[in-house]
Every structure is written in structure tokens, then in C-alpha cells.
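User: Could you show me how to read the features of a protein model? I am just starting out.

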Amino acid sequence: MDPKVALILFLFVPLAIFLAIFIPVSIVRKIYSDFVLKHSVAIKTLKEINKHYKFADVKSQTIMHRYDNRNYYETISTKDYLTYQLVFIQKSVFEKLNDAESNKRKFEKYKEEINEKCKLNSFDTESLPKNLNRLKRFEKKLFIKTTQNPTIEFFIHVRLILTKINDQYIASKEKIYDAKTIRSLIGRVNNKIGNRYQDREIWDAISRVERERVSNKLRFRVYNRDHNRCVKCGSRRNLEIDHIIPISKGGKTVYSNLQTLCHRCNAIKGSTIE
Ligand SMILES: [Zn+2]
């Protein structure tokens with residue numbers, strides 16, 4: 001056979017077979033779905049019910065942090081990190097928790113109403129298409145498609161990543177927290193008298209995360225600025241990073257609140273403030 005003819009056959013025969021099957025199938029599909037949308041009593045009723053149910057748009061959240069210090073990465077658990085973040089984001093998290101919960105309640109009612117009012121296989125015309133099984137299948141499929149499917153659970157996904165100082169990935173750990181756990185953590189985070197956390201475990205988690213937000217990158221910047229010397233006594237040995245305003249007094253881990261101290265001066269400072 002002429003290779004050109006062979007090539008044409010090779011390309012066009014499968015295409016022709018494909019079209020010969022595909023076109024009739026899609027025509028039939030269109031006929032049935034049009035019919036169902038026009039005449040299914042259940043789908044019409046469902047569309048009416050849908051008008052009375054507006055669900056909140058709730059998206060679960062991901063919290064991510066990168067550590068470039070293996071020690072810190074290993075010390076901080078995903079729960080510690082979530083606890084720390086909840087101090088700052090609890091308001092928006094709380095709203096999402098409530099939205100998901102109200103969606104859940106509304107969704108129960110919605111399903112009840114659907115079960116009560118929507119009966120499949122009932123059409124408002126006598127002249128049905130020939131294939132009744134196919135008709136039922138299409139109705140069921142389109143009914144499911146028309147049913148609203150709101151988010152009824154809110155989750156927070158915490159992911160901690162260990163990298164090298166140049167951001168190159170080494171390892172990661174992650175956990176998903178459900179509404180019940182998140183609510184309980186928010187309650188514990190808010191259990192404060194003045195500025196003092198009443199829950200020891202919570203305070204430990206928060207201060208641990210705050211302290212260990214000193215990345216190696218940040219540490220080297222602070223050492224550099226302080227000329228690699230203790231800012232109190234000028235020693236070059238056993239240098240440590242110190243929070244000028246301590247974490248327990250609300251001090252944050254930011255460049256301007258960090259200084260270089262030697263271990264000895266740091267210990268003296270610690271003992272005088274507490
Ligand atoms: Zn010193």
C-alpha cells in the first residue's frame with residue numbers, strides 16, 4: 001500500500017469511528033437532559049427550594065511556616081503553631097466555624113425538605129421519551145447536580161517546613177485540626193487575666209513559638225548589626241539572641257526587639273526581670 005494512503009487511513013479511520021459514536025451519543029444526551037430539565041417535577045421543585053436556602057461560602061484554611069533551624073523545627077509541634085496563630089486569627093476563624101455550623105444546621109433542614117417534597121420519576125407531560133431507564137438515569141444525575149452542596153465542616157491544616165537557610169526543602173510535618181479542637185484551643189487562648197495566660201500549656205506553646213521565630217537568617221542579621229559582640233559587656237563568646245522587651249511582657253520576635261547578649265549577661269538579665 002502507498003505509505004501516504006496508509007498514513008491517512010491510520011489517522012482518519014479511528015477519528016471517523018470516534019465521531020460516528022460520539023455524535024449520536026451526545027445528541028441523545030442532549031435530548032434527554034433537555035427533556036428532564038423541562039419536565040421533571042422533582043428538579044423544578046428542587047430549584048424552588050434552592051431559592052430559599054443560601055449557604056455561606058466557607059473554605060478551610062492552611063497555615064504554613066518555614067523553619068531554617070532544625071532544632072526549632074523539632075521543638076515546635078503543629079499544635080503549638082496553631083495555638084500561637086489563634087492569638088492573631090481567632091476572629092476570622094471563629095466566623096468560619098460559625099458559618100460552617102450554621103450551614104450544617106441549614107443543610108439538615110434542606111435535605112429534609114428535599115426528601116419530603118421532591119419525588120423522582122414524575123414528569124409533567126404524557127409524551128415521554130422511549131427509553132425510560134435512560135430517562136431515570138438522567139433525572140437522577142441532574143437532580144444531584146442541582147442539589148446544593150455547602151461546606152459543613154471547617155478545618156485548619158497546619159504545615160511546618162524545615163528548610164536550609166536558602167529555603168531549600170528538607171522535611172515537613174502536618175496535621176489537620178477539626179472544629180472541636182480549634183474551638184477548645186480558642187477558649188484556652190482567651191483564658192487570660194489581664195495579659196497573663198491562665199493555662200500553662202497554652203502559654204508555654206505561645207512563648208515557645210514566639211521565641212523560636214528567630215530564624216537563622218534573622219539571627220545572623222542581629223549578630224552582624226551588633227558587631228558579633230555582647231551589647232552589654234562586649235564579649236565575643238557564647239552569644240545568644242535576646243528579646244529586649246521579653247516575650248512574657250508582649251515583646252515580639254522582630255529585628256528591632258532583638259539584641260546580642262553573651263550567655264552570662266542573658267542569664268543575669270533573665271533573673272532580674274522575672
Ligand atoms: Zn555579656
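**A bent helix and its surroundings**

Analyst: Happy to! α4 has a kink of about 85°, centred on isoleucine 89. The bend at a residue is the angle between axes fitted to the seven residues ending there and the seven starting there. Helices (H or I, at least four residues) and strands (E, at least two) are DSSP runs, numbered from the N terminus. This is a predicted model: local features need pLDDT of at least 70, side-chain atom pairs count only at pLDDT 80 or more, and totals for chains, interfaces and linings use all residues. Residues are numbered from 1 along each chain as its sequence is written.

User: How far apart are the end C-alpha atoms of α4?

Analyst: The expected span of a helix is 1.5 Å times one less than its number of residues. With 40 residues, a straight α4 would reach 58 Å, but its end C-alpha atoms are only 46 Å apart.

User: Which residues of α4 are buried?

Analyst: A residue is buried if 20 or more other C-beta atoms lie within 10 Å of its own, with C-beta atoms placed from the backbone. In α4, the buried residues include Tyr81, Leu82, Leu86 and Leu97. Among the elements covering the buried residues of α4 are β1 (61-67) and β3 (169-177).

User: Which residues have the most contacts inside the largest nonpolar core?

Analyst: A nonpolar core is a set of buried Ala, Val, Leu, Ile, Met, Phe, Trp, Tyr and Cys residues joined through C-beta atoms within 7 Å. Here the largest has 25 residues, and Tyr81 and Leu82 have the most contacts inside it. α4 gives the most to this core, with seven residues.

How values were computed
Buried ≥ 20, exposed ≤ 12 C-beta atoms within 10 Å, placed from the backbone. Contact = placed C-beta atoms within 7 Å.
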